[in-house]
Amino acid sequence: MKQWFLSLILLTGSILPAAADDDESVLFTAPITLNGNETVTCSFLVNTQDATTKTGTAFVSSDYFDHPFHEVAYSAIDSTTAGVVTIPKTVTYNGYTYTVTKINQYGFSDCRRLTGIIIPATVKSIDNYAFMNCQRLAEVKAPMDLCLTVAAQDNAATGIRYDAYFRTNSTKDTLTLCLPQDSYIAPTTETGLYLDDNGEEQTYTGTMPTALICTGLDHESQTVSTREVSGNIPAGTGIILIGIPKEVNYIIPAAKEDAAAADVSGNLLQGATTRQYIGGNTDDTKGYADYILQDGIFYRSSEGYIDAGKAFLRVPTNGTTAAARLFLGGSETTGIITPRQPSSVRIQKGYDLLGRKVSASKGIIISNHSKYFVK
């Protein structure tokens, strides 16, 4: 059998096929970072190409093919590679720039000396067995929406530490998350970590985002009460993060042995550990209603699915009709405030979000910086 396999290699000249211009489904190699200051050769599979812009997408891919007697797979890097590898956001080959969007099946299989891997936000999926037999793999840094996928890999080493990171590109500074593993949420005064665009870990010296849980609901005022939390938080917990500067890859590390456990009792935020159907409870007599956070306000959800890694609010209705929207209390980051009328603005008639007339000194109206939206 070995002699037959050797003959196949000699006849083909190489296991890796030569790439032709504007040709998809072709394997090529490019360097990736090893241990922060070295490189190692990695193989990629062309997925799409645009001949006009000379761009495309590519997958981290093992040299995998069907042997007449069994499947043969080689990892995308030398299986003896030791240390931490960083997958780049883009790689170049044959005049094209490819965005890396996936780790294919068996991508890093049998890399028994690999201890860590940093996955960029461009990667949207990971195939089965991507980390099979990676016996020393101890730490993975991956985007929040990928962490659950990584954690569920078959045959992955047990006890892997998952440092999830997230990034926001909008001006919104409030979002909900489902923590994919036991995690450590730093106090706002503590120095935090983030990943730069090269996948390198850096120290963030600004104010860390604040983590909140939702602990109650006042039906009369339609206000959700919150409590700030920090410390070790169990996997699957739903939290709200506020005060997030855009375009920063904040790292949420795995739980720390020397950190205290956070009190998350009474939390009404439900973490979605898988893609989950919500909002189907249209009959308020069943006792609860589901809400999703949007622009700092919880809106009652229509029937549909929420992605894994997100969180939603499930509140008891106590036999009453559920409100269309709920307001976050205990924070001024939502854009909903009790108005403090600036001297340059005179509000003669104002309305709250339920359409009730209010004076300029009380009630709730929407504020956008110094602008007041009134009816």
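Strands, cores and burial

Student: Which residue in E16 is the bridge partner of Leu 195?

Tutor: Leu 195 is bridged to Glu 201 in E16. This is a predicted model, where local features need pLDDT of at least 70, side-chain atom pairs count only at pLDDT 80 or more, and totals for chains, interfaces and linings use all residues. Residues are numbered from 1 along each chain as its sequence is written, and side-chain values use heavy atoms, with hydrogens and water left out.

Student: What makes E15 and E16 a pair?

Tutor: Strands (E, at least two residues) and helices (H or I, at least four) are DSSP runs, numbered from the N terminus. Two strands pair if DSSP finds at least two bridges between them. E15 (residues 192-195) and E16 (residues 201-204) have four, so they pair. They run antiparallel. Five residues lie between the strands of this hairpin, where Gly 199 takes a positive phi near 80°.

Student: How do you know that E15 pairs with E21?

Tutor: E15 and E21 (residues 249-252) share two bridges, so they meet the definition. The sense is antiparallel. Tyr 194 has Tyr 250 in E21 as its bridge partner.

Student: Which strands are at the edges of the nine-strand open sheet?

Tutor: The order is E13-E20-E17-E18-E28-E25-E24-E27-E22, with mixed pairing. E13 (174-178) and E22 (269-271) are the edge strands, because each pairs on one side only. Inside that order, E25 (residues 297-300) and E28 (residues 325-328) run antiparallel, joined by three bridges. Tyr 299 stands opposite Arg 325 in E28.

Student: Why is Thr 122 called buried?

Tutor: Buried means under 20% relative accessible area (1.4 Å probe, protein chains only), with exposed over 50% and partly exposed in between. Thr 122 has 19% relative accessibility, so it counts as buried. It lies in the loop between E9 (114-118) and E10 (125-126). Leaving aside neighbours within four places in sequence, Thr 122 is in contact (heavy atoms within 4.5 Å) with Lys 89, Thr 99, Val 100 and Thr 101. Across the chain, buried residues make up 45% of the 375 residues.

Student: What makes a set of residues a nonpolar core?

Tutor: Its members are buried Ala, Val, Leu, Ile, Met, Phe, Trp, Tyr and Cys residues, joined through side-chain atoms within 4.5 Å. The largest such core here has 58 residues. Phe 44, Ile 103, Phe 108, Ile 119 and Phe 131 have the most contacts inside it. Apart from that core lies another of 17 residues, among them Cys 214, Leu 269, Ala 322 and Leu 328.
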